[in-house]
Amino acid sequence: MDNTVTIAAIAAFASLLVAIVSLITAIISNRNNARTLLSIEKLKNEFAQSGRNLDIIDSETKTSLACLKSSLESIQQLRDEIQFLAIMSEDSLQASDYKRIRDTANLIAQHYETNHPVLSSVEMSSLHKAKNLALGVKAEVEVILRKKESFKRIDLESFQRLDEIEAELSLIQRILWDCRAERLLNLGSPN
């Protein structure tokens, strides 16, 4: 019986050892599963956050591109009005011409005021300069109209200043156009 008890004890000890190894393996496996689930949950949250960030960036990019487009259109409209004044005859200049220029200049100022937070520093400073030039155009046209009413003649110095402003607006327009084109190109490039 001695052998049977020894064999039974060895079998019991082996079973106990297998049970302990199985228990340790199960504990390690559960920990690994918990870590894996935690990692998966973190990745899900990171992907969700990345998606929200991309949506915000996409929205800001769309907004800034729309701002640049409308600003460029307003600057072009003001340039067209200045060129229209340059080809008009002395007798045909009316207060309604000033109103059109004033409205267009105010539109450029409004674009700057509402859109400058979403623009880059170069875009913002260029649009700010365009706003100041637009206000200068308003002042010059007002001087032209006053002198026409008072002296019954057109002030050529003011027209020369309008030509200079129109040239400066053209340069600003090119800068803003380049900025807009660069933004559009960056949309298509992989990061």
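1. **Arginine 161 and glutamate 164.** In this predicted model, the side chains of arginine 161 and glutamate 164 form a salt bridge, with N and O 3.4 Å apart. The two residues sit three places apart in helix H4, so about one helical turn separates them. Arginine 161 is partly exposed, at 30% relative accessible area. Glutamate 164 is partly exposed as well, at 43%. Elsewhere, Lys99, Arg102 and Asp103 belong to one network, joined by salt bridges that share partners.

2. **Arginine 79 and glutamate 166.** The count of salt bridges comes to nine. One of them pairs arginine 79 with glutamate 166, and their closest N and O atoms are 2.7 Å apart. Arginine 79 belongs to helix H1 and glutamate 166 to helix H4, so this pair ties together parts that lie 87 residues apart in sequence. Is arginine 79 buried or exposed? Arginine 79 counts as buried because its relative accessibility is 12%, and the cut-off for buried is under 20%. Glutamate 166 is buried too, at 13%.

3. **Glutamate 81 and arginine 100.** Here is another charged pair to inspect. Glutamate 81 makes a salt bridge with arginine 100, the closest N and O atoms being 3.0 Å apart. Glutamate 81 is in helix H1 and arginine 100 in helix H2, so the bridge ties together parts 19 residues apart in sequence. Glutamate 81 is buried, with a relative accessible area of 12%. Arginine 100 is partly exposed, with 33%.

4. **Helix H2.** This helix has 21 residues. From its first C-alpha to its last it reaches 30 Å, close to the 30 Å expected at 1.5 Å a residue. Which residues of H2 are buried? They are Asp97, Tyr98, Ile101, Thr104, Ala105, Ile108, Ala109, His111, Tyr112 and Asn115. Viewed down the axis of H2, these buried residues fall within an arc of 160 degrees, so they line one face of the helix. Ala95 and Thr114 are exposed on the other side of H2.

5. **The nonpolar core.** The largest nonpolar core holds 28 residues. Ile75, Leu78, Val137, Val141, Leu162 and Leu169 have the most contacts inside it. Helices H1 (2–87), H2 (95–115), H3 (121–151) and H4 (156–188) are the elements that each give two or more residues to this core. The largest share, eight residues, comes from H3. As general background, nonpolar side chains tend to be buried together in soluble globular proteins.

6. **Valine 141.** Take this residue as a worked example from the core. Which residues does valine 141 touch, not counting those up to four places away in sequence? The answer is Leu85, Tyr98, Ile101 and Leu162. Of these, Leu162 is also among the residues with the most contacts inside the core. Tyr98 and Ile101 are among the buried residues of H2.

7. **Glutamate 123.** Glutamate 123 is in helix H3. Glutamate 123 is buried, with a relative accessible area of 2%. A polar atom of its side chain lies 2.8 Å from the backbone nitrogen of serine 120. Beyond its neighbours within four places in sequence, glutamate 123 is in contact with Leu68, Leu176, Cys179 and Arg183.

Definitions and conventions. Residues numbered from 1 in each chain as written. Predicted model: local features only at pLDDT ≥ 70, side-chain atom pairs only at ≥ 80, totals over all residues. Heavy atoms only, no water. Core = buried A, V, L, I, M, F, W, Y, C linked by side-chain atoms within 4.5 Å. Buried < 20%, exposed > 50% of the residue type's maximum accessible area, 1.4 Å probe, protein only. Helix = DSSP H or I, 4+ residues; strand = E, 2+ residues; numbered from the N terminus. Contact = heavy atoms within 4.5 Å. Salt bridge = Lys/Arg side-chain N within 4 Å of Asp/Glu carboxyl O. Expected span 1.5 Å × (residues − 1). Arc of directions from axis to C-beta. Polar contact = N/O pair within 3.5 Å; in protein donor to acceptor, adjacent residues only side chain to side chain.
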